[in-house]
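Me: I am new to this structure and would like to go through it step by step. Could we begin with what is meant by the terms and then turn to the parts themselves?

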Number of protein chains: 2
Amino acid sequence: MFGAEPGRVLSIQSHVVSGYVGNRAATFPLQTLGYDVDVVNTVQFSNHTGYGYTNGHKTTPEQLAAIFEGLATNGLITHSRVLTGYVPGAEALQVVGVQIEKMKKDNPDCIYVLDPVMGDVGTGLYVSPDVVPIYKDMLRLATVITPNQFEVELLSGVKIDSLATLNAALIQLHTEHSLPHIAFSSIPLPISIVSTLSLPAPPQQYDRLLPTPHPPWFNAVGVGAPDEDVLVCFASSFVDGQLDTWAFALPTIDGYFSGVGDLFSAMVLAHFHPAQTSPLPALPHAVSKALLAVQQILLRTHLYSLSHAGPSGTATPRPFHAAPESVIPTDAELDSAAPLNPKDPRRKARRMRIRELRVVQERALISQDGVGWPGQRLNWSALLT
Amino acid sequence: MFGAEPGRVLSIQSHVVSGYVGNRAATFPLQTLGYDVDVVNTVQFSNHTGYGYTNGHKTTPEQLAAIFEGLATNGLITHSRVLTGYVPGAEALQVVGVQIEKMKKDNPDCIYVLDPVMGDVGTGLYVSPDVVPIYKDMLRLATVITPNQFEVELLSGVKIDSLATLNAALIQLHTEHSLPHIAFSSIPLPISIVSTLSLPAPPQQYDRLLPTPHPPWFNAVGVGAPDEDVLVCFASSFVDGQLDTWAFALPTIDGYFSGVGDLFSAMVLAHFHPAQTSPLPALPHAVSKALLAVQQILLRTHLYSLSHAGPSGTATPRPFHAAPESVIPTDAELDSAAPLNPKDPRRKARRMRIRELRVVQERALISQDGVGWPGQRLNWSALLT
């Protein structure tokens, strides 16, 4: 009568009142997939920091500890899965780390997806440096980590500039920390490297979300232009001394989007089933399903932002079939619909607002069945000779 | 390409990490209906207070004001609907009241659903007494209020013990505060009164959720037993000097459930369309749709709690076709599955946990189409003579 229940998740991340990052990007999609999600908010901000202006407060380490105490006293920490994202500061992260250690001790089968939110290639480290060693220590607790390129390099100490250094970084993380699974969200690679990987084109589900005929800058492998780098996502598992790495080519979408990594880690958590071996092993399956949901929502968000300049959508919808750099509305163009003083924070905010992930409006894309994003298993011995 | 969007909601309520009250009972159901919900959390507690033990913190009045400032500076307060629930303390409520007043001034068409969370008939006042005059002052801002019996009596000053005093309380609230709509969530009335109202039986959608054949204590009008009181919900509008009140008979479900009122007010907000006149006027339509969702989820939650004794569902499922008082698991019976010391907080917690509203698992019931819960327009002049 009640159907299969996928289980209870504890998600420890940031909360923004408006927009979709952190728990706001994770909770609703997980609930849409049927997960009973318990939500610890590490901050409560009006909006994400990409807006340029934000106001709000952090949950203090003492407050976090009190919440975990309340849950534990009532016997409510029985989650089969736990997810951590942005935690502000070393002391708060330490409280979270102690909690995860307890959960893994009580239930070694508890699946822990750790998103080591520390920085990005463009911005550098955006957390306090004393957070880094705590994350390094927490890697031993994780089932899956979902770092970006900056975080892989920071955690492994290996600068990635070739397939050999990529291989070295993955092996370092897997072996140093007994870390079984790495979902390396994306790295831009030169087309010369990517062509040796024989990566499949985006799936039909993705293509069908585009207006027809497709704009020329969305070609078969979704590359912005033939001379540009290609975004590649890697799913790497290290089981019984064997490295098994899968790669997925992703379309490049120009412009700034927030919460994409948070949605990705939540979807990896949702679709990771440790015992699975077929049609794909557990991690590439989870990454494949996660990428399908994330890339579709990202595309739909991008299309929406192109057609809605200004908070009330008053500007003329822009042609989609032009080159991407010419279809992203500028501040000046948004002003033509509703003029604002250049120093008015609302000027940047309305540009941010139309790029908030459309997880609610496009919720049907989250729960759709079918295969995931197509990937390719890497033959390391061939690639490294 | 993007479909009709129902709009943006600002919801100001409590947050619990685990379980479904306040924003946790409102946000996901509103999102499931397609609303883009901005979420201000007035507290962050581990779980609701019905568990007996809880830990966490309140958002201070200064923190609330800072969040609203951040939203306003970015031009993000453009909501077409706003919902307020539990706000801890007079000072915090004052901050919220100032914010709502601004929103209504900027956009008089903004629909404000005010749930004046102050107490209940069983427990009495559970907020500080200095909250009461602030709520009374805020009534003039509200489009719809969703009080329970205790709150109707407190706000109107009228003790309800007959149809005449019910009529007086509604008229007092409507006229004193220029309040157009009251969704009076439920009041137990003697069967002798209810029979004069000719209220229709529960709809088929509800009946279909029951195991067949129906247990004897769910009869056609859902009354626990013929000699018991009947729960009645009233939707009362006062437009152009005319009182238009509709009544809905509700099944009695034994046992303690939390968050029911919060889910109800969210669903009233979701389904209230001010210009609607057919097939029902705006408020009875919204209440009818809200009751259908709430009553179905409540029934499914009840059935689940009967079949899952203990947090891990280890106890033998209990027969459903017995009388209600004999199918609700007691602490002693839960102990037979997993013994706990009588003073262990987990003892009460596991009884609470299995009665958390199943909004996630039963999400299909939230978005289903079709007519709502059947109601009956009251002929006051006939009833009061």
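This is a predicted model: local features need pLDDT of at least 70, side-chain atom pairs count only at pLDDT 80 or more; totals for chains, interfaces and linings use all residues.

Reply: Two strands pair if DSSP finds at least two bridges between them.

Me: In which sense do E1(A) and E2(A) pair, and which residue is the bridge partner of A:Ser11 in E2(A)?

Reply: E1(A) and E2(A) are joined over 8 bridges, and their pairing is in the parallel sense.

Me: Which residue of E3(A) is the bridge partner of A:Gln44?

Reply: E2(A) is also joined to strand E3, residues 56-58 of chain A, by 3 bridges, and here the strands run antiparallel. In E3(A), the bridge partner of A:Gln44 is A:His57.

Me: How many of the residues of strand E2 of chain A are buried?

Reply: A residue counts as buried when its relative accessible area is under 20%. Strand E2 covers residues 36-45 of chain A, and it is largely enclosed by the rest of the structure, because the buried residues number 10 of the 10.

Me: What distance separates the end C-alpha atoms of helix H3 of chain A, and which elements do its buried residues pack against?

Reply: Helix H3 of chain A has 17 residues, 90-106, and at 1.5 Å a residue it should span 24 Å; its end C-alpha atoms agree with this, being 24 Å apart. Its buried residues include A:Leu93, A:Val96, A:Ile100 and A:Met103. In chain A, these buried residues of H3(A) pack against strand E1 (8-16), helix H2 (61-73), strand E4 (81-84), strand E5 (111-114) and helix H4 (132-138).

Me: How far apart in space are A:Arg350 and A:Tyr51, C-alpha to C-alpha?

Reply: A:Arg350 lies in helix H13, residues 345-353 of chain A, and at 5% relative accessibility A:Arg350 counts as buried. In sequence A:Arg350 and A:Tyr51 are 299 residues apart, but in space their C-alpha atoms are separated by 8.6 Å.

Me: What is the distance between the closest N and O atoms in the salt bridge of A:Asp137 with A:Arg140?

Reply: A:Asp137 is partly exposed, with a relative accessible area of 44%, and A:Arg140 is also partly exposed, at 40%. In the salt bridge that these residues form, the closest N and O atoms are apart by 3.2 Å.

Me: Which residue of chain B is linked with A:Arg8 and A:Asp38 in a network of salt bridges?

Reply: Over all chains, the structure holds 18 salt bridges. One network of salt bridges links A:Arg8 and A:Asp38 with a residue of chain B, B:Arg24.

Me: Which are the edge strands of the open sheet of 10 strands in chain B?

Reply: The sheet has mixed pairing, and its strands follow the order E3-E2-E1-E4-E5-E8-E9-E10-E11-E12. An edge strand here pairs on one side only, and the edge strands of chain B are strand E3 (56-58) and strand E12 (376-377).

Me: Which residue of E8(B) is the bridge partner of B:Val113?

Reply: B:Val113 and B:Ile111 point one way from strand E5, residues 111-114 of chain B, while B:Tyr112 and B:Leu114 point the other way, and all are buried. On the E4(B) side, where the pairing with E5(B) is parallel over 4 bridges, B:Leu83 stands opposite B:Val113. E5(B) also pairs in the parallel sense with strand E8, residues 144-145 of chain B, over 2 bridges, and in E8(B) the bridge partner of B:Val113 is B:Val144.

Methods:
Residues are numbered from 1 along each chain as its sequence is written. Chains are lettered from A and ligands numbered from 1 in the order in which they are written. Side-chain values use heavy atoms; hydrogens and water are left out. The expected span of a helix is 1.5 Å times one less than its number of residues. Buried means under 20% relative accessible area, exposed over 50%, partly exposed in between (1.4 Å probe, protein chains only). Contact means heavy atoms within 4.5 Å. A salt bridge is a side-chain nitrogen of Lys or Arg within 4 Å of a carboxyl oxygen of Asp or Glu.
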